Amino acid sequence: MQLTEFGFPGMSLYNGERIEFAINAADSSGRPSSKSAEALLLTDSRIIHLRGRRKNHRAVMTAVHDVDSVEITAVRRGVGAYVWAALAFILAMVLFATVDSTGVRLASSGIVLLMGVYLIVSEIMEPRKPAVVFRAGSAEIRWEFRSDEHTNDVNQFVNRLYQIKAASNGRVARHESFAPR
């Protein structure tokens, strides 16, 4: 089965594999709804996270039976905004100390200082982006989603994952059981 409908032409599932549940960040025609195509697929045997454009795409996969845990969380953005804000404060001090003209000194250092303040305020005020994290041993699949559009889909995806996992554990247990003689 080709994955063209999810915005990934040229990629396919193996023979007999079928998609059980899909969360697609592309529209119905396969065009990405954001900057790049992204899809989270649950097949009868794998979880597949696809992201990116045709030539520069990323695919992360893990077997359903290898999934140890699933976490739905809010992603921290990191310290990047704070580092840039600190650099803005330092630059504002340098501008204030080196520029000769009083008006230009106050204007340039004030603008750079306000940019630093904006970075900090926007980082604090902006809500964190929700994500679902699938852990399989040391591997991890992380999919960030828009809470307003995909929360129910993520819950259904996780429920279906555990249904498939339970069914496959039942099949494996039947095949591995034997009567001692």
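Throughout this tour a residue is called buried when its relative accessible area is under 20% and exposed when it is over 50%, with partly exposed in between, using a 1.4 Å probe and protein chains only. What you have open is a predicted model, in which local features need pLDDT of at least 70 and side-chain atom pairs count only at pLDDT 80 or more, while totals for chains, interfaces and linings use all residues. Residues are numbered from 1 along each chain as its sequence is written, and side-chain values use heavy atoms, with hydrogens and water left out.

Select residues 80–98 to begin, which form helix α1; helices (H or I, at least four residues) and strands (E, at least two) are DSSP runs, numbered from the N terminus. Its 19 residues reach 27 Å from the first C-alpha to the last, close to the 27 Å expected at 1.5 Å a residue, where the expected span is 1.5 Å times one less than the number of residues.

Within α1, pick out Ala81, Ala85, Ala88 and Ala92, which are buried. Seen down the axis of α1, the buried residues fall within an arc of 55°, so they line one face of the helix; the arc is that of the directions from the helix axis to the C-beta atoms. Then turn to the face of α1 directed away from its buried side, where Met93, Ala97 and Thr98 are exposed.

Next, select the open sheet, whose 3 strands run in the order β7-β8-β9 with antiparallel pairing (two strands pair if DSSP finds at least two bridges between them). Its edge strands, each pairing on one side only, are β7 (69–75) and β9 (139–144). Finally, show β8 (residues 129–136), which pairs with β9 in the antiparallel sense over 6 bridges, and find valine 132 opposite tryptophan 143 in β9.
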